[in-house]
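Hello,

Please find the structure below, with the sequence alongside. Some notes on what was found in it come after.

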Amino acid sequence: MRGTSGDGAPEPELGLGLSTVGEYAVISVTGEIDMYTAPQLREAVRQLSSEGRMRVAIDLTPTEFCDSTGLGVLIGARRRLSDAGGSLVVVCANPRIRKLLDLTGLDKVLDVREAVPGE
């Protein structure tokens with residue numbers, strides 16, 4: 001159930017599921033990644049890296065919406081993991097989110113795939 005913001009508008013929901021596929025810690029993102037929910041995703045990546053899990057896949061396939069704040073989190077996650085000797089894979093079989101990655105050129109910066117490596 002969605003909460004409401006101070007102006008009575010519904011607050012966006014974000015669901016984060018964690019699983020493991022081969023060497024990858026997989027964060028499945030459902031709902032919306034925006035300025036309100038992006039910090040949750042950022043913290044999930046931080047937590048994994050602090051636990052030494054340096055191969056991370058963020059699955060955006062079930063994601064309904066992603067704004068520039070969410071894109072910034074993806075770039076930050078890539079940088080954080082890369083600087084520590086790890087890697088980030090963005091999994092996206094969602095045509096709408098994939099188009100966003102293509103239009104912004106992030107498909108050239110991020111390792112975007114249709115599935116988690118090893119699946």
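The notes go from the chain as a whole to the cores and then to one residue.

This is a predicted model, in which local features need pLDDT of at least 70 and side-chain atom pairs count only at pLDDT 80 or more, while totals for chains, interfaces and linings use all residues. Residues are numbered from 1 along each chain as its sequence is written, and side-chain values use heavy atoms, with hydrogens and water left out.

The protein chain has four helices and six strands, taken as DSSP runs numbered from the N terminus (helices: H or I, at least four residues; strands: E, at least two). Their order along the sequence is β-β-α-β-β-α-β-α-α-β. Of its 119 residues, 39% count as buried, meaning under 20% relative accessible area, with exposed over 50% and partly exposed in between (1.4 Å probe, protein chains only).

The largest nonpolar core holds 27 residues, and Ile58, Leu60 and Leu101 touch the most other members. Such a core is a set of buried Ala, Val, Leu, Ile, Met, Phe, Trp, Tyr and Cys residues joined through side-chain atoms within 4.5 Å. Helix H2 gives the largest share of this core, five residues. A second, separate core has seven residues, among them Val21 and Val89.

Ser28 lies in strand S2. Ser28 counts as partly exposed because its relative accessibility is 23%. Leaving aside neighbours within four places in sequence, Ser28 is in contact (heavy atoms within 4.5 Å) with Gly15, Leu16, Gly17 and Asp59.

Regards
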